[in-house]
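Student: I have a model open on my screen. Please show me how to read its features, one at a time.

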Amino acid sequence: MRREAPPGRSDDVICFSHLRWNFVFQRPQHLLSRCARDRRVFFFEEPVFDACDGPILTSTADPSGVTVVVPHLPVGQDRTAVDPPVRALLDSLIEIEGIQPGVLWYYTPMAVAFSGHLAAPAIVYDCMDELSGFAGAPAGLRDAENALLARAHIVFTGGRSLYEAKRHRHVNIHPFPSSVEVPHFARARTRRGAEPADQAAIPHPRLGFYGVIDERFDRELIAGAAALRPGWQFVIIGPVVKIDPETLPRPANVHYLGSKSYDLLPDYLAGWDVALLPFARNDATRYISPTKTPEYLAAGCPVVSTSIRDVVHPYGDLGLARIADEPDAFVAACEAAMAEDAAERQRVADALLSRMSWDLTWQAMADLIAQIPRKDSPSCSITSSLARVSPAPSRPSASLPAPARRC
């Protein structure tokens, strides 16, 4: 049954993402869950290839209010010919749900190939990473980004260095570095009760990292630091993707605890003596702005990082992150971090964090979107409520037909 959009409404948001909603809770989830407090948000993921008979869509109502939509294409589908069936599925979603797009929000330029026929008063490119520098980047990504930049009304970047690299390519581009939910992570400062079971037996000092473990993770650095300090315990949290797990260093003092939910991260941080950002220096990390940096500081942890530009400035400049790239220097930085004046570090960190939040980031983005010139037409207006932060309404799960079944 078709679910009607509210009368006169043209502020629905369709987001096209290369990231899965339920993979790691990060920038898209923070922003779009806030957006969903006032309007319908459809998070359209890249296809998976598990349909038995023909293309289908699945649709799930996330507790945040976001509707997560996944195209399922047939097993054995030609991976070079996915755009026509995905476009057909997208059009069917719009028809069935009565979507009137007010915003088309892109994280992946590759989605332009199947969504370029759509129009909206606001087309947003939230460029959170330089995807062309990542391992396995799809062919044609740079051309697709050029096409998206030509269509977009506004561009956001995930950090200052990425902004500097892109600023000449669009007239309406704005940097929005990673932000933080301070109260969530500040729980680590006052945690009471038992530690997580898989960390409780690990001795101190503990030096921890959480995040996606891929080509950005400096395996040689961790191996070298672990060898130099066999009495230190390195706690690594997160999924391993795009690299062979067998290539990870596995001495007795390096502990891989797997993925943990966003809700549980403060419980792990509470037991760390130093929080690490052991990023390799390569094409994939050249422009990153790690969300972990302010999260670590909000948790009260001293931070040691490799020389990632958006960590050096401002965190290194303010003395909130020690910077080192080689194992011996990294170990020395960690020793200094464990010996530093925690009260003074927290005073400086809290002053910086008081000006940061995902609520403020979303508000600023929404205000900029609201300033995009539009035609004087009810179907081409985005109400100023885009910028409001209000309680999330309850939403029923989308109901989409299933002309074919998943295997």
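Student: Which strand pairs with β15, and over how many bridges?

Tutor: First the general idea. Strands of a sheet pair through backbone hydrogen bonds, either parallel or antiparallel. Two strands count as paired if DSSP finds at least two bridges between them. Here strand β14 (residues 303-305) pairs with β15 in the parallel sense, over 2 bridges.

Student: What is the strand order of the open sheet?

Tutor: The order is β12-β11-β10-β13-β14-β15. That makes an open sheet of 6 strands with parallel pairing. β12 and β15 (322-323) stand at the edges with a single partner strand each, so one side of each has no neighbour in the sheet.

Student: How many helices and strands does the chain have?

Tutor: The chain has 14 helices and 15 strands.

Student: Before we go on, what kind of model is this?

Tutor: This is a predicted model: local features need pLDDT of at least 70, side-chain atom pairs count only at pLDDT 80 or more, and totals for chains, interfaces and linings use all residues. Residues are numbered from 1 along each chain as its sequence is written, and side-chain values use heavy atoms, with hydrogens and water left out.

Student: What is the mean pLDDT of the chain?

Tutor: pLDDT is the predictor's confidence in each residue, from 0 to 100. The chain has a mean of 90, and 89% of its residues reach 70 or more. Over residues 1-9 the value is below 50. Residues 376-385 also stay under 50. Where pLDDT is low, the predicted coordinates should not be read in detail.

Student: Now the charged side chains. How many salt bridges are there?

Tutor: Side chains of opposite charge can pair when their charged atoms come close. The cut-off for a salt bridge is a side-chain nitrogen of Lys or Arg within 4 Å of a carboxyl oxygen of Asp or Glu. A search of the whole structure finds 24. One of them joins Asp359 and Arg37, with the closest N and O atoms 3.7 Å apart. Asp359 lies in helix α14 (residues 358-370) and Arg37 in the loop between α1 (27-35) and β2 (41-45), so the pair ties together parts 322 residues apart in sequence.

Student: Is Glu145 buried or exposed?

Tutor: Buried means under 20% relative accessible area, exposed means over 50%, and partly exposed is in between (1.4 Å probe, protein chains only). Glu145 is buried, at 7%. Arg169 is partly exposed, at 28%. These two form a salt bridge, their closest N and O atoms being 2.9 Å apart. Arg169 sits in the loop between α5 (160-166) and β9 (173-175) and Glu145 in helix α4 (residues 141-151), so the pair ties together parts 24 residues apart in sequence.

Student: Which residue forms a salt bridge with Asp198?

Tutor: Lys260 does, with the closest N and O atoms 2.6 Å apart. Asp198 is in helix α7 (residues 197-200), and Lys260 is in the loop between β12 (254-258) and α9 (265-269), 62 residues apart. Asp198 is partly exposed at 30%, and Lys260 is partly exposed at 24%.

Student: What share of the chain is buried?

Tutor: Of its 407 residues, 55% count as buried.

Notes:
Helices (H or I, at least four residues) and strands (E, at least two) are DSSP runs, numbered from the N terminus. Contact means heavy atoms within 4.5 Å.
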